[in-house]
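Please examine the sequence and the structure shown below.

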Amino acid sequence: VKNLRGVIASLTGLDGVRLGELVEFSSGGQAIVMEIRNEFVRAAVLGNGDEIKRDEEVYRLLRPLSIPIGSDSLGRTFDALGRPKEGGEGLDDVIYYSLKLESQKPFKYQTSQKFIPTGLKYLDVFRPLVEGGRFGILGTNTSAKSDVAISILQGEMVQESLDGVVRHFIYVTIGGSERRQEEIENKLRKIGALDRCILIHAGDESGPVLQYLAPLVGS
């Protein structure tokens with residue numbers, strides 16, 4: 001470790017390391033490589049970084065950050081590192097998809113894509129959803145972000161009962177407590193959508209790096 005500024009560590013001696021690869025510090029913390037230069041690499045610490053010291057050793061893990069996707073992932077909550085909230089048991093029918101650190105290109109609408117009516121006029125008119133697309137809901141802590149998202153999923157569950165086409169969703173939440181996340185899970189369960197969702201949660205205690213990575217992992 002050459003130096004540490006906030007949650008960004010400058011590291012040397014990692015020959016052959018790749019962008020997006022995970023590294024581990026001798027003190028036990030982990031980081032993800034975000035920038036590669038000739039003399040050093042910069043990595044974002046997955047945590048608060050308090051335990052990391054200058055000149056301590058760091059090791060390549062030879063794998064990128066990845067998340068399990070498959071039937072065994074449905075109905076479960078993961079953190080931004082792809083770790084299930086209740087432990088890793090039962091993750092057999094999954095494929096691990098790796099996070100690719102690249103610029104996120106704007107989603108382009110095409111006339112051949114199927115639009116998804118939500119029943120929410122401000123979305124259907126100004127920001128219509130399409131199959132295979134992604135959208136984010138931003139707001140303050142007191143705004144009804146999760147209520148809007150759950151309303152959309154509820155409409156999709158009704159549509160599924162009409163056309164017989166099974167829907168699946170990746171639901172990412174950033175900030176909030178574990179108790180609040182459990183409330184969201186209970187609401188999804190109540191409308192029958194929980195088993196259609198893979199949930200990714202980076203709560204208040206996760207730190208800024210994991211909160212930054214959560215939507216990238218979800219997309």
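**Helix H2 and the strands around it**

The buried residues of H2 pack against strand S10 (115-116), helix H1 (121-126), strand S11 (129-130), S12, H3 and S13. This is a predicted model, in which local features need pLDDT of at least 70 and side-chain atom pairs count only at pLDDT 80 or more, while totals for chains, interfaces and linings use all residues. Residues are numbered from 1 along each chain as its sequence is written, and side-chain values use heavy atoms, with hydrogens and water left out.

**Helix H2**

- Helices (H or I, at least four residues) and strands (E, at least two) are DSSP runs, numbered from the N terminus.
- Among the buried residues of H2 are Val148, Ile152, Leu153 and Met157; buried means under 20% relative accessible area, exposed over 50%, and partly exposed in between (1.4 Å probe, protein chains only).
- An α-helix has 3.6 residues a turn, so residues three or four places apart point the same way.
- The 19 residues of H2 should span 27 Å at 1.5 Å a residue, which agrees with the 27 Å between its end C-alpha atoms; the expected span is 1.5 Å times one less than the number of residues.
- Gly164 follows H2 and has a positive phi, near 75°.

**The parallel sheet**

- Three strands form an open sheet with parallel pairing, in the order S8-S13-S12; two strands pair if DSSP finds at least two bridges between them.
- Strand S8 (76-78) and strand S12 (169-174) each have a single partner strand, so one side of each edge strand is left without a neighbour in the sheet.
- On average, neighbouring strands of this sheet are turned by 25° against each other, direction ignored.
- S8 and strand S13 (residues 197-202) run parallel and are joined by three bridges, with Arg76 opposite Ile198 in S13.
- Helix H2 (residues 145-163) packs on the sheet, touching S12 and S13, and its direction makes about 170° with that of S12. Axes are lines fitted to C-alpha atoms, for helices over the stretch in contact, and angles run from 0 to 180 degrees between N-to-C directions; contact means heavy atoms within 4.5 Å.
- Helix H3 (residues 178-190) lies across S8, S12 and S13, at about 165° to S13.

**Strand S5 and its partners**

- Four of the five residues of strand S5 (residues 41-45) are buried, so S5 is largely enclosed by the rest of the structure.
- Strand S2 (residues 8-11) pairs with S5 in the antiparallel sense over four bridges, and Ala9 stands opposite Ala43.
- Strand S4 (residues 30-36) runs antiparallel to S5, with five bridges joining them, and Val33 stands opposite Ala43.
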